[in-house]
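Hi,

Here is the structure I said I'd pass along.

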Amino acid sequence: MRIKEYDYGPIGTRLRNARTMKKCTQEYVANKLGVSSQHISEIERGLSGLSIPSLMEICKILDIDADYILFGTVTRDNHNPLNEILLKMSPEQSSHAEEIIKAYAKSFGIIS
């Protein structure tokens with residue numbers, strides 16, 4: 001089975017936008033990632049893809065979700081008061097909080 005050629009342009013554009021919003025240079029990201037600034041340039045121009053480990057590290061460097069880089073959607077808002085609380089919780093505490101919120105939403109018919 002042959003995998004269809006992928007257009008990396010939108011990913012590169014979102015990466016460039018995230019980098020410039022954080023006022024980081026290509027050189028800074030490249031140094032943190034351990035690659036050349038030319039490689040970052042190629043990714044941002046859609047000429048090259050990036051590995052999952054590189055994507056994960058770039059997300060840490062730029063403090064951004066992989067969902068935004070890959071799909072253009074933001075699933076995490078660090079400035080949301082609920083997210084700020086959830087980020088301080090252990091995985092077990094977070095799971096309990098999720099169940100409480102689901103029960104609350106069900107009581108108002110928000111979810112079924």
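Below are my notes on the helix packing and the core.

Keep in mind that this is a predicted model.

I started with helix 2 (residues 26-33) and helix 3 (residues 37-44), whose axes come within 8 Å and cross at roughly 110 degrees. On the helix 2 side, the contact uses Gln26, Glu27, Val29, Ala30 and Leu33, and helix 3 brings Ser37, Ile40, Ser41 and Glu44. By type, that contact splits into four nonpolar, three polar and two charged residues.

Helix 2 also packs against helix 4: the axes come within 10 Å and cross at roughly 125 degrees, so the two are oblique to each other. This crossing is right-handed too. Here Tyr28, Val29, Lys32 and Leu33 of helix 2 meet Ser54, Glu57, Ile58, Ile61 and Leu62 of helix 4. The count for this contact is six nonpolar, one polar and two charged.

Now the inside. Which residues touch the most other members of the largest nonpolar core? They are Leu15, Val29, Ile58, Leu62 and Ile69, out of 16 residues in that core. Helix 1 (9-21), helix 2, helix 3, helix 4 (52-62) and helix 5 (66-71) each give two or more residues to the core, and helix 4 gives the most, with five.

Cheers

Methods
Residues numbered from 1 in each chain as written. Predicted model: local features only at pLDDT ≥ 70, side-chain atom pairs only at ≥ 80, totals over all residues. Heavy atoms only, no water. Axes fitted to C-alpha atoms, helices over the stretch in contact; angles between N-to-C directions. Helix = DSSP H or I, 4+ residues; strand = E, 2+ residues; numbered from the N terminus. Contact = heavy atoms within 4.5 Å. Nonpolar A, V, L, I, M, F, W, Y, C, P; charged D, E, K, R; others polar. Core = buried A, V, L, I, M, F, W, Y, C linked by side-chain atoms within 4.5 Å. Buried < 20%, exposed > 50% of the residue type's maximum accessible area, 1.4 Å probe, protein only. Parallel < 35°, antiparallel > 145°, perpendicular 65-115°, else oblique. Left-handed = near helix turned anticlockwise from the far one by under 90°.
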